[in-house]
Amino acid sequence: MTVYKSDFMKTLSERGFIYQCSDAEGLDKLFQSETVTAYIGFDCTARSLHVGSLVQIMMLHWLQETGHQPIALMGGGTTRIGDPTGKDEARKILTSEEIEENKNGIRKVFDRFLTFGNGPKDAIMADNAEWLLSIRYIDFLTEIGRHISVNQMLQRDSVKLRLEREQHLSLLEFNYMVLQAYDFVELRRHYGCRLQMGGSDQWGNILSGVDLGRRLTESELFGLTTPLLTTSSGAKMGKTADGAVWLNADMRSPYDYWQFWRNTEDADVGRFLKLFTKLPMDEIARLEALEGAELNEAKKILATEATRLMHGEAAAQEAAETARKTFEEGALAETLPTVEIPAAELEAGIGLLGAYVQAGLCASNGDARRNVKGGAVRVNDEAVSDDRRVLGTGDVTSDGVIKLSLGKKKHVLLRPV
């Protein structure tokens with residue numbers, strides 16, 4: 001294991017962020033000798049990033065925390081093309097208005113983790129639309145194309161795997177890695193950027209950027225990636241049975257976000273504490289050494305610390321207290337996720353299966369029916385075995401709600417209005 005001397009590389013190494021580096025020793029020396037500007041790119045494909053992007057966001061956070069300058073590069077240009085990495089079909093083409101809306105939503109996430117401003121270490125939010133949308137095609141081919149090897153492009157996993165599977169790869173997508181490489185050139189010229197970071201699936205694209213940047217700017221540039229993150233059971237990080245774990249509160253409530261982390265698999269607790277919290281390493285060592293029922297306390301700390309970073313102190317404490325009341329006291333916590341339904345609809349009667357779908361607890365009536373048969377469905381804390389049951393005004397509690405539960409950890413309140 002490489003022993004690093006710079007604060008940034010030491011922090012990343014001991015917390016498990018480093019997987020590949022184009023020149024680890026040279027990069028470590030660079031961080032010791034000057035303030036380094038580094039970037040990670042994020043395409044604007046949705047109104048929020050999800051937990052799968054959080055490793056990259058935390059890297060930018062630690063970069064600034066250790067005295068360096070992060071660039072969060074929005075892909076206002078590359079979003080129009082779509083990265084073929086790991087995909088068997090082309091990405092849906094978004095309109096300019098959709099991309100702008102998504103970019104505004106993503107900005108809210110970065111405001112939680114980075115400090116933006118005009119100082120030498122303040123974070124920068126750039127957008128590659130600034131240079132990509134004004135490219136003159138022939139000029140671009142003349143300046144950039146002669147430095148790009150098609151032979152190397154065909155060997156990149158993003159292209160190679162698509163071709164091996166005999167899946168269509170358009171010229172548009174084939175150009176993605178060229179444009180990503182060019183981003184590094186522009187960021188070097190405009191901001192003095194020396195390092196591109198990303199997930200391990202971006203390694204080929206990052207190396208292309210390092211090589212192109214060296215040729216065009218005569219600079220020593222670097223690339224660094226994080227491991228592809230999966231849970232101990234092999235599931236992709238940030239994906240659950242009910243979809244992506246979004247970071248924005250309007251797409252996933254702080255309470256549900258807290259619950260996601262609380263449900264971490266035992267074997268992942270220590271690793272996730274290192275990656276997704278700012279707790280000191282000695283405290284993390286103490287927590288990951290816990291066993292049995294005590295490990296649940298470490299999971300609660302993970303959930304609260306991760307929620308604090310994303311949603312703030314008040315939201316984290318409220319989520320933790322809601323969970324405590326719901327699970328430890330059996331009380332009805334008013335801060336549980338709530339879905340409003342028309343009172344007239346309830347008076348007419350709502351089918352149990354449809355109610356669970358409407359509450360977001362089940363994906364479909366069939367999914368709800370399977371959960372009823374599996375004994376996972378409870379209404380107002382009473383088990384339900386009849387999938388034909390109809391909910392009505394008689395199910396409304398003295399608190400003015402109907403509590404729907406799926407298993408022990410998922411609860412939603414139906415509130416007639």
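These are my notebook entries on a predicted model of one protein chain.

**Entry 1: ground rules.** I number residues from 1 along each chain as its sequence is written, and I keep in mind that side-chain values use heavy atoms, with hydrogens and water left out. Because the model is predicted, local features need pLDDT of at least 70 and side-chain atom pairs count only at pLDDT 80 or more, while totals for chains, interfaces and linings use all residues.

**Entry 2: the whole chain.** I looked up the secondary structure and found 19 helices and 15 strands, where helices (H or I, at least four residues) and strands (E, at least two) are DSSP runs numbered from the N terminus. Of the 417 residues, 51% count as buried; buried means under 20% relative accessible area, exposed over 50%, and partly exposed in between, with a 1.4 Å probe and protein chains only. The chain exposes about 19,400 Å², of which carbon and sulfur atoms supply 48%, the areas coming from the Shrake-Rupley method with a 1.4 Å probe. Taking contacts between residues at least 6 apart in sequence, I noted that 72% join residues at least 24 apart, a contact being heavy atoms within 4.5 Å.

**Entry 3: a five-stranded sheet.** I followed an open sheet with mixed pairing, in the order S9-S15-S14-S11-S12, in which S9 and S12 are the edge strands, each pairing on one side only. Two strands pair if DSSP finds at least two bridges between them. Strand S9 (residues 338–341) runs parallel to strand S15 (residues 410–416) over four bridges, and Thr-338 has Leu-413 as its bridge partner in S15. On S15 I also found strand S14 (residues 402–406), paired in the antiparallel sense over five bridges, with Leu-406 opposite Lys-410. Three residues lie between the strands of the S14 and S15 hairpin, where Gly-407 takes a positive phi near 70°. S14 is in turn joined to S11 by three bridges, again antiparallel, and there Arg-378 stands opposite Ser-405.

Entry 4: Glu-218 has a phi near 55° and sits in the loop between helix H11 (203–217) and strand S6 (222–226); at 76% relative accessibility it is exposed. Asp-381, with a positive phi of about 70°, lies in the loop between strand S11 (377–379) and strand S12 (382–383) and is partly exposed at 41%.

Entry 5: I found zero disulfides, a disulfide being a pair of cysteine sulfur atoms within 2.5 Å. Cys-44 is buried at 0% relative accessible area, and Cys-362 is buried at 5%. The salt bridges come to 22, counting a side-chain nitrogen of Lys or Arg within 4 Å of a carboxyl oxygen of Asp or Glu. One of them joins Arg-107 and Asp-111 at 3.0 Å, N to O; both lie in helix H4 (residues 96–113), four residues apart, about one turn of the helix. In helix H14 (residues 281–288), Arg-286 and Glu-283 are three residues apart and so separated by about one helical turn, and their side chains meet at 2.9 Å. For Glu-305 and Arg-308 the closest N and O atoms are 2.5 Å apart, and I noted Glu-305 as buried at 19%, whereas Arg-308 is partly exposed at 23%. Salt bridges that share partners also join Glu-100, Lys-103 and Asp-127 into one network.
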